[in-house]
Amino acid sequence: MLSTYRYPKYEYVPPPELKGGIVRHPVVIVGAGPVGLAAAIELAQSGVPVVLLDDDDTVSIGSRGVCYAKRALEVLDRIGIGDACVSKGVSWNVGRTFFRDEEVYNFNLLPQPDHKRPGMINLQQYYLEEFGINRARELPNVDLRFMNKVVSVNAEGKFAKIMVETPDGPYTIEADWLIVADGARSSIRRMMNLEIEGKIFMDRFLIADVVMKADFPAERWFWFDPPFHPGQSVLLHRQADNVYRIDFQLGWQADPEEEKKPENVIPRIKAMLGDDREFELEWVSVYTFQCRRMQQFRHGRVLFVGDAAHQVSPFGARGANSGIQDTDNLCWKLKLVLDGKAPDSLLDTYSEERVFAADENILNSTRSTDFITPKSKTSLTFRNAVLALARDHAFARALVNSGRLSVPSFLTGSSLNTPDTAEFTGDMLPGAPMDDAPVREKVANRWLLDYVGNRFVALVYVADPAAVDPAQVAVFKGLAEEPVPVEVILVSPKAGAAPEGLHALEDYAGRFAERYDAKFGTAYLIRPDQHVAGRWRAFDAGRVRAALARATGNA
Amino acid sequence: MPLNLKPNFAEPGKRYFRAYTPGDDFYEALIETHRDLSDEQSAMVNAKLVLLLANHIGDMSVLREAMKLAREGV
Ligand SMILES: Cc1cc2nc3c(=O)[nH]c(=O)nc-3n(C[C@H](O)[C@H](O)[C@H](O)COP(=O)(O)OP(=O)(O)OC[C@H]3O[C@@H](n4cnc5c(N)ncnc54)[C@H](O)[C@@H]3O)c2cc1C
């Protein structure tokens, strides 16, 4: 059906285990969707060899994920596919909401200037996966196996025993750690008799991908009760290749098979476009949605990530976006555990932190869904009253909920944080996901987030990098020699030669000082996933070490 | 004080990282108040809610302005 995209077909290679012998791998990942791929790449980049099993030989079929948020893009940057996604995708920040035939509200996802990445890009999920597969195949320590379907898992003991079916028959492999990224209908979850609880929304949505030439701006447009689709909602997104994605709310009574027929879909689209514009239908499907999660994401040696662990309705674009953050949270912890530098209880904090994030995602997606599809006459009256007031009154605009789009969680309650002992203003408190800032090194303009991540970093704000006392420099460098190294990076309002062996970033726009409430001496300890672990008004190696021990479960 | 039409929801002691959160907290609680009620029961709850809040506000000029705005366009 698709005319703009050709699905790649990846080659199945008979795995060596078919010849006999059981090999134990440090990490096996099931599922090469966006989340399993992200996990495989991140672990491989950090030096951990991974086996990645997928039951298929191509990318995600049809129209699924569209919107990838700033935070996910920052993770994709670190796994080497941020540029590919952003240059292929459509970047946007503004969303407009219409009630009947009037615009009542708009939002800007990135009200602050000076961030490397936009609030959101729109990109068909198959591209995201294709870029991920290309990247994974560049890495010699990713063993990516297509047409390898996991059919049973036994993880009672100190490792997981995994049975895999291939076109050439079954084989068994073992893994010290098994990462389960096999999607919303996770068969491994079922094999292990684990529950996932939540609720289904009693509504159906028609999803159509349409190819057309249109000069619609790169914005998200959402209609409540529009004249062309009365009583329901409609959502429009522009994706790559002039493909537009349109979501029509249908109501619970709709017959999915009937609705999918082109003779029923095309008039809906024509009514919406309202002119004789030519378009081609690329894809149509009908979905119902649910919000649910597992109780815990860690079960001994088995770690659940992405849709296998939690599912949300799509109105916040929080599905793949949150799954990619799951693996970003998990991979550095798993690497430390594999290297014997952290106790395996550190992996419980993966579950704690990402369960917290999943609850936030479920809460926000549920609220959006409830606003978009009111469940009772009274809810509908309130909803329409909000929309009626929104045109004129700011307070009502703030209540309009056509989707609270994916943002990272502030892990302020995490046991890995070191609480503040001094006063700070702003939002970069322990547990916060880092704000970006433009910085300059020597003469090159760069971004703060490109300097941190994948390892622990201490950012130290100084008056002049060239004037840092050599004894202090030695202390900074000492931290890089610890079992879990911490790289000190100097940030300064002043350009100046960095002490040998250290990076010095010039905060030339003053955004770092502003966003981090930095004063000379201020130090931040940053986790490998770019969350703040602790901060102080004066650098003290002992405190940094203590915070590091805490952040790695070694305290 | 004139009728406040700016976003004004907050829970004392609670820190918000996203501007929409306090309003969404309120809206959820409002819808929850009506859960499992018939339309008639909901109308009664709404009437009582208006009366309770009106008494809390007290200031007749604010109430008159709100009543006027609420009626507009209906
Ligand atoms: C209509 C719609 C719109 C959406 N919009 C967005 C959006 O805008 N933004 C967003 O972030 N998210 C969105 N999502 C959600 C997004 O598609 C999912 O969250 C995402 O695909 C989850 O990725 P995953 O890797 O966890 O699982 P999946 O993508 O489901 O991947 C699972 C993989 O595991 C493989 N697999 C399954 N079982 C086995 C097995 N036994 N052995 C081996 N391999 C196996 C499958 O073949 C598949 O490749 C949307 C979803 C839908 C349906």
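Visitor: What makes helix α2 (residues 70–78) of chain A largely enclosed by the rest of the structure?

Guide: In this predicted model, eight of the nine residues of α2 of chain A are buried, so the helix is largely enclosed. Buried requires under 20% relative accessible area.

Visitor: How do you know that chain B and chain A are in contact?

Guide: Contact calls for heavy atoms within 4.5 Å, and 22 residues of chain B are in contact with 26 residues of chain A. The area buried between the two chains is about 2100 Å², with 59% given by carbon and sulfur atoms. Of the area that chain B buries against chain A, B:F17, B:Y20 and B:Y27 supply 29%, more than any other three residues.

Visitor: Why is the pairing of A:D427 and B:R15 called a salt bridge?

Guide: The cut-off between a side-chain nitrogen of Lys or Arg and a carboxyl oxygen of Asp or Glu is 4 Å. The N to O distance for A:D427 and B:R15 is 3.2 Å, and the pair is a salt bridge. Across the interface of chain B and chain A, four salt bridges are found.

Note on methods
Residues numbered from 1 in each chain as written. Chains lettered and ligands numbered in written order. Predicted model: local features only at pLDDT ≥ 70, side-chain atom pairs only at ≥ 80, totals over all residues. Heavy atoms only, no water. Buried < 20%, exposed > 50% of the residue type's maximum accessible area, 1.4 Å probe, protein only. Helix = DSSP H or I, 4+ residues; strand = E, 2+ residues; numbered from the N terminus. Buried area = accessible area lost by both parts, 1.4 Å probe.
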